[in-house]
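Hi,

Here is the structure I promised to send over. Have a look at it, and then read on for what turned up.

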Amino acid sequence: MADEPFIDPALGLPLVGHRSLTDRTGPVSICIPAHNEAETIAEVIGEAHRAIEILGVDGEVIVAASACTDDTANIARVAGARVVEAGKGKGNAIKAALSAATGAIVATVDGDFRYFGPEPIAATLIRPIATGTVDATIADLYWRPLYPQMWLYGFFAPLAGRIFPEMLPKVGTTPWSGQRAAVRDLWPTELPDEFTVDMTLNLAWNDAAARVRPVPVDDWVNPQRPKPELLRQEFDAIVAHGVAKGRLSSESIELLNSWFTGTQHRMATYRPDGEDVAEFEQMLLREAINALLSWGGTA
């Protein structure tokens, strides 16, 4: 009909015949939070230095020794890193490293993270930022243990997809990863002390409307250290942020708490000797989404 509104399909898509992005110049800082990582810290530092060399930029490697009781700090100094002391907790370590960092681009790599890709992971994460393509990157890890997979399907994707749907394509399938990079201005000065720091960064970068992209990376390994309280802490962080940003009403919290408890119980029913993991994950995702839909909204 003639009076119906018309949207130009090319609106907002000016075509240019040249590269319109601008490279970012300046040094980079690779920050390594570490708590008693004497076994791996020298290797992680060596890979960080190699990343700086591959990128061909000026840079620094900073190790934040978080309440270490082993030889992590001394080994790090011998390996060529600048060492800063930090209180216990990953968030405290990252805050201490950020306070010392001078780079225009800052990356974090965990002190126990071993990577087997074609180049150091920090180089892969920093390069799209240095070329001006994005403002921040998060490692989208090729391989991950079962627990984070269930964390994704039974918790993060349904909940964040309901409250902050625009965030999902930015953070990829492993938004819990501590391997990430961003321009200096995107790193908040206020961060939690403990392991919710990575979730807090996801939320902060989403608020900033930054160009955040997941970057597929190769095989890796690091020790699995159970953190049974972390899931609840991350749930509280997401919900509190949703209320603060007007995405949720305070009346929704009780319903979401019931949803959270139910999905955690469902995760615990998985039996590796009798169920296909991929089928269970997809079932978990469907049930978690349907349970959220059943209470009718986030307002």
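A word on terms before the results: buried means under 20% relative accessible area, exposed over 50%, and partly exposed in between, with a 1.4 Å probe and protein chains only. This is a predicted model, where local features need pLDDT of at least 70 and side-chain atom pairs count only at pLDDT 80 or more, while totals for chains, interfaces and linings use all residues. Residues are numbered from 1 along each chain as its sequence is written, and side-chain values use heavy atoms, without hydrogens and water.

Six of the six residues of β6 (residues 136-141) are buried, so the strand is largely enclosed by the rest of the structure. Ala136, Ile138 and Asp140 point one way, Thr137, Ala139 and Leu141 the other, and all are buried.

What does β6 pair with? Strands pair if DSSP finds at least two bridges between them. Strand β7 (residues 180-183) is an antiparallel partner of β6, over three bridges, and there Ala181 is the bridge partner of Thr137. Strand β8 (residues 212-217) runs parallel to β6, joined by six bridges; Leu141 has Val217 as its bridge partner in β8.

The lining of the largest pocket divides into 19 nonpolar residues, ten polar and eleven charged. Here nonpolar covers Ala, Val, Leu, Ile, Met, Phe, Trp, Tyr, Cys and Pro, charged covers Asp, Glu, Lys and Arg, and the others, Gly among them, are polar.

Best wishes

Definitions and conventions. Helix = DSSP H or I, 4+ residues; strand = E, 2+ residues; numbered from the N terminus.
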